[in-house]
Structure formats: C-alpha cells, structure tokens
Amino acid sequence: MGSRSTHTHSPHPRQTTMTPNQKTVMTTQKWAPFTYIGRETTFITKLFKKAELRITLRTNNTLQKLLMPKPQTLDKHSTSRAYKLTCPDCNKACVGQMGHSFTQRFKEHKNAFKSNRNTSNYAKHALEHSHPFGPIHETMQILQYQDKGTHLNTIGRYFIYKEFSSNNHLNDEFNITPNKIY
C-alpha cells in the first residue's frame with residue numbers, strides 16, 4: 001500500500017533564514033489565506049493547521065470599504081445618499097441623509113422655505129435670517145454615496161458631528177451624540 005501524497009497549493013511561499021551564527025538553512029512554509037466568515041472558518045483552519053499548513057485570515061469588511069465614498073453616478077442629484085445644504089450667505093450647514101433622490105429632498109427643503117413651515121432647519125434658518133435659499137448646484141453637496149441602512153446612518157451622524165464640532169451646524173442639537181470613533 002503506497003503512501004498517499006496531497007499537494008497543497010501555496011499562493012504565498014515564505015522563506016526564512018537562520019542567523020549567521022547557525023547553519024544557514026532555508027525552509028519553505030506553505031501559507032493559505034482564508035476570508036473570515038465566522039465559526040466555520042475557525043473549524044476549517046484548525047484542520048489545515050494539523051497538516052502543517054500556515055493559515056492567514058483576512059476580511060472583506062474593512063474600514064476603508066465602509067467609509068470611503070462610493071463612485072458617483074451619471075446624475076449625482078437623482079441618487080439617494082448623505083448630503084449637506086450650505087447657506088450661501090453665512091456658510092452654516094445642515095447635514096442629512098435619505099433614501100430617496102437628492103432632487104426630491106431639495107424640493108422638500110425648498111417647499112418648506114416657500115410655505116414658511118418648520119419642517120426643515122435649513123429653510124427655517126434662511127427665513128429667520130432673511131438669507132436666500134440658493135439653487136441646488138450651489139447649496140447642496142453630496143457628502144457620500146451609501147446604500148440605506150446602518151452604514152448610512154453612521155455616516156450621516158459623523159458629518160453632523162463634524163459640522164457641530166466646528167460650530168457650523170443647523171441640525172437639531174438633540175440629534176448630535178458624541179462618539180469615540182469621531
């Protein structure tokens with residue numbers, strides 16, 4: 001009965017050299033990268049460790065991927081994400097995020113301004129200080145594209161806190177909560 005050999009593909013062979021005082025011996029260790037997905041990954045990697053295969057774990061859920069702005073679409077005002085409205089006179093800012101289009105949200109702020117309703121802090125500020133409302137391309141800035149959900153909520157809170165900490169905000173102060181990450 002012959003011995004069965006298994007060939008393990010090693011995408012990252014690592015060579016180590018011993019110190020000059022010792023004999024120079026070159027050894028090759030075989031490494032296998034695994035994307036960590038939970039307990040299943042731990043179970044599988046333990047099996048490979050018994051076969052003297054070195055394991056390295058990685059993740060696809062990195063801070064860079066979560067916090068970096070998404071690429072713009074062709075019509076940046078028809079996409080929903082986080083935004084900032086800046087007063088053309090005093091540069092005070094109102095930060096928000098929503099699931100519908102920027103154009104629709106801008107119209108909501110503008111309608112609050114025209115009808116003198118308190119449904120928009122930006123419109124309320126413009127009315128109280130007799131500042132102009134301004135067109136969308138001059139006053140509304142896209143801060144970051146992000147799908148709806150907890151990531152968008154966190155990004156929105158971050159930008160609100162950023163304006164608040166520079167005393168440049170028009171958002172309600174009771175919505176601003178300190179966070180160690182910020």
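**Legends to close-up views of the predicted chain**

The accessible surface of the chain comes to about 13100 Å², with 51% of this area belonging to carbon and sulfur atoms; accessible areas are computed by the Shrake-Rupley method with a 1.4 Å probe, and for residues only the protein chains shown count as cover. The model is predicted, so that local features need pLDDT of at least 70 and side-chain atom pairs count only at pLDDT 80 or more, whereas totals for chains, interfaces and linings use all residues. Residues are numbered from 1 along each chain as its sequence is written, and side-chain values use heavy atoms, with hydrogens and water left out.

**View 1. Overall architecture of the chain.** The chain contains six helices and seven strands, where helices (H or I, at least four residues) and strands (E, at least two) are DSSP runs numbered from the N terminus. Read from the N terminus, the order of elements is β-β-β-α-β-α-β-β-α-α-α-β-α. Of the 182 residues, 30% count as buried; buried denotes under 20% relative accessible area, exposed over 50%, and partly exposed the range in between (1.4 Å probe, protein chains only). Among contacts (heavy atoms within 4.5 Å) between residues at least 6 apart in sequence, 50% join residues at least 24 apart.

View 2. Patches consist of residues with over 30% relative accessible area and no salt bridge, like charges being joined within 9 Å and nonpolar side chains (Val, Leu, Ile, Met, Phe, Trp, Tyr) within 5 Å. Helix H1 (residues 39-50) supplies the largest share of the positive patch, three residues. Lys-49 lies in this helix and counts as exposed because its relative accessibility is 56%.

**View 3. The nonpolar surface patch.** Phe-43, Ile-44, Leu-47 and Phe-48 together present about 370 Å² of accessible area as a nonpolar patch on the surface. Phe-43 is located in helix H1 and is exposed, with a relative accessible area of 56%.

View 4. Leu-53 is placed in the loop between H1 and strand S4 (54-58) and is buried, at 6% relative accessibility. The C-alpha atoms of Leu-53 and Trp-31 are separated by 5.9 Å, although these residues are 22 residues apart along the chain. Arg-54 is found in strand S4 and is partly exposed, at 38% relative accessibility. Arg-54 and Ala-32, 22 residues apart in sequence, are 6.3 Å apart from C-alpha to C-alpha. When residues up to four places away in sequence are not counted, Arg-54 touches Gln-29, Lys-30, Trp-31 and Ala-32.

**View 5. The salt bridge between Glu-163 and Lys-84.** The side chains of Glu-163 and Lys-84 meet in a salt bridge at 3.1 Å, N to O. This pair links distant parts of the chain, with Glu-163 in helix H6 (residues 150-165) and Lys-84 in strand S5, 79 residues apart. Both Glu-163 and Lys-84 are buried. A salt bridge is defined as a side-chain nitrogen of Lys or Arg within 4 Å of a carboxyl oxygen of Asp or Glu, and by this rule the count comes to two. Side chains of opposite charge can pair when their charged atoms come close.

View 6. Glu-108 and Arg-105 form a salt bridge through their side chains at 2.7 Å, N to O. Both residues lie in helix H3 (residues 102-115), three residues apart, about one turn of the helix. Glu-108 is partly exposed, with a relative accessible area of 29%.

**View 7. Loop residues with positive phi.** Most residues other than glycine have a negative phi. Asn-91 has a positive phi, near 65°, and lies in the loop between strand S5 (82-86) and strand S6 (93-97). Asn-91 is partly exposed, with a relative accessible area of 47%. Phi of Ser-130 is also positive, near 50°. Ser-130 is found in the loop between helix H4 (121-128) and helix H5 (136-139) and is exposed, at 65% relative accessibility.
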